Amino acid sequence: MQAVIASTEEKMKKTLANLKDGFASLRTGRASAALFDKIRVECYGEKSPLSQVANISVPEARLIVIQPWDKNLIGEIEKAIRSSELSLNPSNDGKVIRIAIPPLTEDRRKELVKLAKNQAEQSRVAIRNIRRDGNDELKKMLKDSSITEDDESKGTADLQKLTDSYIDKVNQVLEEKEKEIMEV
């Protein structure tokens, strides 16, 4: 029974971590290197993550500087950033790419909050599905007579407590992201 609860908690932790990763790539008014985590650059016939072909730094709150390790990739990096869903306009001087992060409009902020709420809801659904799988596993163990009815009901109650705590964590992460998006 403890193994079921432990594996369920592990899956819930991963779901929360995925949500945080997803939120990191949501653009706010502040510059962040995490914005570029999902951008892949055509490099020597392969698509590589931007962080593997360039150094990404944030010298100011609204400026990102990308310095490619191979100067020949500057055009490809710029093209990858322009074609991404970030709506950013990079400029280069032949050595580095500079990206000024424009302040977000009120409409765009609301759009991003809606997107964040959607991602959070998907995480809540995933956590509930993980709980259901754990409960099914407990029922199966009861049917196989490897646990008693008391153990099964205690396990179900423990899974519910775990689910509630992870849903609270999702709500907390969402609240923090909303504040970050809406701050001017």
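## Salt bridges and helix packing in a predicted model

Glu121 is partly exposed, with a relative accessible area of 34%, where partly exposed lies between buried (under 20% relative accessible area) and exposed (over 50%), computed with a 1.4 Å probe on protein chains only. The model is predicted, and local features need pLDDT of at least 70 while side-chain atom pairs count only at pLDDT 80 or more, although totals for chains, interfaces and linings use all residues. Residues are numbered from 1 along each chain as its sequence is written, and side-chain values use heavy atoms, with hydrogens and water left out.

**Salt bridges**

The structure holds 9 salt bridges, each defined as a side-chain nitrogen of Lys or Arg within 4 Å of a carboxyl oxygen of Asp or Glu.

| Arg98 | Asp93 | 3.1 Å |

Lys154 and Asp158 both belong to helix H5 (residues 149-182), where they are 4 residues apart, about one turn of the helix; helices here are DSSP runs (H or I, at least four residues), numbered from the N terminus. Lys154 is partly exposed, its relative accessible area being 46%. Salt bridges with shared partners also join Glu121, Arg124 and Arg128 into one network.

**Helix H4 and its neighbours**

Helix H4 (residues 106-143) has 38 residues and reaches 55 Å from its first C-alpha to its last, close to the 56 Å expected at 1.5 Å a residue, the expected span being 1.5 Å times one less than the number of residues. Just after H4, Ser145 takes a positive phi of about 60°.

H4 and H5 pack at an angle of about 170°, with their axes 10 Å apart, where axes are lines fitted to C-alpha atoms over the stretch in contact and angles run from 0 to 180 degrees between N-to-C directions. These two helices, H4 and H5, are therefore roughly antiparallel to each other, a term that applies to angles over 145 degrees. The residues of the contact of H4 with H5 divide into 14 nonpolar, 8 polar and 10 charged; Ala, Val, Leu, Ile, Met, Phe, Trp, Tyr, Cys and Pro count as nonpolar, Asp, Glu, Lys and Arg as charged, and the others, Gly among them, as polar. Asn135 lies in helix H4 and is buried, with a relative accessible area of 15%. Not counting residues up to four places away in sequence, Asn135 touches Thr156 and Leu159, contact meaning heavy atoms within 4.5 Å.

The axes of helix H1 (residues 2-24) and H4 come within 10 Å and cross at roughly 170°, so H1 and H4 are roughly antiparallel to each other. By class, the contact of H1 with H4 has 11 nonpolar, 6 polar and 3 charged residues. Residues of H1 in this contact include Val4, Met12 and Phe23, while those of H4 include Ala116, Ile127 and Met141.

Glu78 is placed in helix H3 (residues 74-83) and is buried, with a relative accessible area of 12%. Leaving out residues up to four places away in sequence, Glu78 touches Pro90, Ser91, Asn92 and Ile97.

Notes
Angles under 35 degrees count as roughly parallel, over 145 as roughly antiparallel, 65 to 115 as roughly perpendicular and the rest as oblique.
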